[in-house]
Amino acid sequence: MAGGIGGYFSLSREPGAGLWMLCGLGLALVLVWAWYAGPRWRPLALALALVLGGGLVAAARSHWVAAPVLGHRYYGPVTGRVVVLDRSLSDFPRVTLDRVMLSRVASEATPARVRVTLRGRLPGITPEPGQVVMITAHLSPPPGPAEPGGFDFRRMAWFDRLGATGYATSPLMLWQPARGAWLGRLRMDLARAIRARIPGQPGAFAAAVATGERGGIARATADDLRASNLAHLLAISGLHMGLLTGFVFAALRLALALIPPLALRLPAKKIAAVGALAAAMAYLALSGGSIATQRAFVMAAVMLGAVLADRRALTLRSVALAALIILLLQPESLTEPGFQMSFAATTALVAAFGALRGRAWRPGAAPLRAALALVFSSFVAGLATAPIAAASFNRLAEYGLLANVLSVPVMGLVVMPAAVIAALMAPVGLAGPALWAMGLGAQWILAVAHWVAGLSGAVVPVVTPPGWVLPVLALGALLLMLWRGRLRWGGALVMAAALAGWTMAERPALLISADGRLAGLMTPSGRALSSATAAGFAARSWLENDGDAAARDAAAARPGFAGSKTARTFDLGRWSGVVLGRRAAPDMLQAACRKDAIVITAAAAPGFRGPCRIFDAGSLARQGAVAINPEGDRLIVRRADQVAGDRPWVRMPRPYSQRRRDGGPPMSRGGAAR
C-alpha cells in the first residue's frame, strides 16, 4: 500500500477520472485473481491489490479534504474560532482559526482554516480553544517550496485544510466567549496548573509531555533538545504512548495479582489491557489529538488488541497492521518524517529483539540485562531513524545515543509514571508529590539536553539527499530485516548503494527565491547570499539543504556578490548576473540586460524584452523558486512549478480581481461575505 501511495504523490500530474476508473477495475480483477489463485500466486496478487488500493486511497483522500485556498494577498479583519494554539519558528505565539470570515471575500472562496502568527506587542486577550476572535492580519496563500524539489508546505497545508497563513501586529480581540471545546480548555487549564506547580522550563516540559501544549517551551530549550536528539520527547508520539500504556498495564496487572481471589478468577492480563487502552484513549483526547498522537494510539491499540486476542503483541504483523490502518485513514502520513521515523524505529526494534529471542546468551544479573537492553534499544532505534532525521532536518546529533540513554530511562521510570499518578490524585488534591517527582525528572532531562548540546561537534550538518535515496534505503532495510535466508544480505548492498548515492548529492549552482529578492551562489567557501536580510526562510532552507551550518549573515559576507544594495553582481561561469532590488532605477534593468547575462529583479517587468535571461517578480510569482546550473554554453533551469506539477495543492484559484468582476454574493453589515 505504501508503494501505491508513494507512487501517487510522486506523480507530476493529477490523474483523470478515467484512469482512476481503470485502476478500480484493475483492483477488482486482481482481487478476483487473488481469490482463485493458488498459494504460489496469491501473495503477488495481494501485493498488486495493495499497490492499486494505496493509489486509490491517496487520491480519494486528497479530493475529500479539498477546501478553498486564498488566491491573493489579503489585509483586513479576520474572524474565526480558535482551534489550535502553538508557536512559530521565530518563537511568536500562533493561532489556527476555523469558521473563518474575511472582509470582501465571498464565502465560497474563504479558506476553511487560516493560521496567524501574533507579532504584536500591544496587549490583547489570551486565546483559548473555542473562542471566536477577531484580528487585523496580513494573509497569503500557503507558500511553495524554497527551491525546486524542496519541502512543499502547500501539500501539508492542503491535507490540514489550511487555506492561508500570515501574521498580525494588532492585538487579538474577543468576539464571542468559548462555547463547547471544553476538552481544549481543560487541556489549557491543566497545562497552566502544571506550570504553576513546577516553575521554569521543567514545568513547561512537563506540561508539554502531559497535555501536548508547548507554548511555554523557550526557543533556547527547544534548540538544546533538537541538538541533543531529544526533541522527540516533546512530541506526544509512540514513546509517550508506549510508556503510558506500559505503566498502566503493568500497574493494573500487578494490582490484580496482589489480590489472589481476583487473580485466580479473572483474566488479569486482558483486564489490564482494557485499562491501558482506556488510558491511551484519554491521553489521546487530552493531548489535543495531533497526527503523531493519533498514529501512536493506533499502534498502541493494535498491540493491546493482540493481547485481548491472545496473540503476541510485539510482532512485525502487528506493526504492519498498525501501519495499514494509519495509511488507510491518512495516506499523506507516508510523506511525513514522524510516520517514517516511528515505524522505522518500531520495525527495527521488533526485528532486532526477535533475532535475539531464544538465544542462550544472558549477560549477568537482571539489572545489567535491563541496562544493556536499554542501550541496545536506543542504539537500534537511533540507527534506524538517523537517515530519516538527517534527510528531513539536515542534521545529525553526534551524541544522540548518549543523551537518550541518560534521558529515556528517567522519562519511563519517573516522568510518565508521575504524570499518571498526578492525574489520579488530582481530584482529591494529592497530586503535589507526583508533580514534584515529575519536575525532578523534567529538570534532569533538560540538564542532559543542555550539556549534550554544548559538547563540541554535537550537531553535524548534512546535505539533502536525492529524492530516490530514502525509498531505496528503506527497501534495503526491509529486505535485510524481513527476508529469510542468505538473500537478506542483499539488503545491505542496496543500503550501501543508497548511502553512496547520498554522498554524490549535487546542489544547484544558483538559487533564486520566489519573490526575486534573494539569490544564492555556490562558491568554494559555500553558498554566498546576495542579501543578509531578504527572504529569511529561503536563505535558511538553502543553507540547511547544502549541509552548511553558517548563519545567514556569514553566508551574505562570503565572496561571490559585489556592488551596491540595489545592484548585486555575480559570475556564473561564462554567464554574468545581477540582482536588482525593488528600488533599482528602470534604466538599470535595460543596462544590465545583455547577451549571456542573468538578470534577477524583485520588481515586475511585464512586456520587457532583451537578449538576457530575466527573472522578474511577475514570472517568479507564476513559476516559483528557480535553480540554475551552467552546462557548457547552456543554462539548465529548473522551476518549482515544473517539479511540483499539476496537483490539487498546487493549483491556484482565479485571481481575486477576476472573481469580483464575475460577481459575488452581497456583503453583510459586518463587511464579511456570508
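**Entry 1: a hairpin.** I am working from a predicted model. I began with β9 and β10, which form a hairpin with six residues between them. In that turn I looked up Gly 516 and found a positive phi of about 75°. The two strands run antiparallel, and I found three bridges joining β9 (residues 510-512) to β10.

**Entry 2: the next hairpin along.** Gly 520 has Leu 529 in β11 as its bridge partner. Then I checked how covered β10 (residues 519-523) is: four of its five residues are buried.

**Entry 3: the cores.** Which residues touch the most other members of the largest nonpolar core? Out of 82 residues, I wrote down Phe 205, Leu 230, Phe 343, Met 411, Met 438 and Ile 445. Helix α11 (residues 291-308) gives the largest share of this core, ten residues. Apart from it I found another core of 22 residues, with Val 82, Leu 85, Val 105 and Ala 137 among them. I went back to Leu 230 for its contacts and, leaving out residues up to four places away in sequence, listed Leu 225, Ala 403, Asn 404, Ser 407, Ile 445, Val 448 and Ala 449.

**Entry 4: Ala 389.** I located Ala 389 in helix α14, which spans residues 366-393. Is Ala 389 buried or exposed? Its relative accessible area is 14%, so it counts as buried, the cut-off being under 20%. Not counting residues up to four places away in sequence, Ala 389 touches Met 341, Asn 394 and Arg 395. I also looked at Asn 229, which is 160 residues from Ala 389 along the chain, and the two C-alpha atoms are separated by 9.5 Å.

**Entry 5: the cysteines.** How many disulfides does a search of the whole structure find? It finds one, made by Cys 593 and Cys 612, with sulfur atoms 2.0 Å apart. The link is left-handed, at -95° about the S-S bond. Cys 593 sits in the loop between α21 and β15, and Cys 612 in the loop between β15 and β16, so the pair ties together parts 19 residues apart in sequence. Cys 593 is buried at 8% relative accessibility, and Cys 612 is buried at 11%. I looked up Cys 23 as well and found it buried, with a relative accessible area of 18%.

How values were computed
Residues are numbered from 1 along each chain as its sequence is written. This is a predicted model: local features need pLDDT of at least 70, side-chain atom pairs count only at pLDDT 80 or more; totals for chains, interfaces and linings use all residues. Side-chain values use heavy atoms; hydrogens and water are left out. Buried means under 20% relative accessible area, exposed over 50%, partly exposed in between (1.4 Å probe, protein chains only). Two strands pair if DSSP finds at least two bridges between them. A nonpolar core is a set of buried Ala, Val, Leu, Ile, Met, Phe, Trp, Tyr and Cys residues joined through side-chain atoms within 4.5 Å. Contact means heavy atoms within 4.5 Å. A disulfide is a pair of cysteine sulfur atoms within 2.5 Å.
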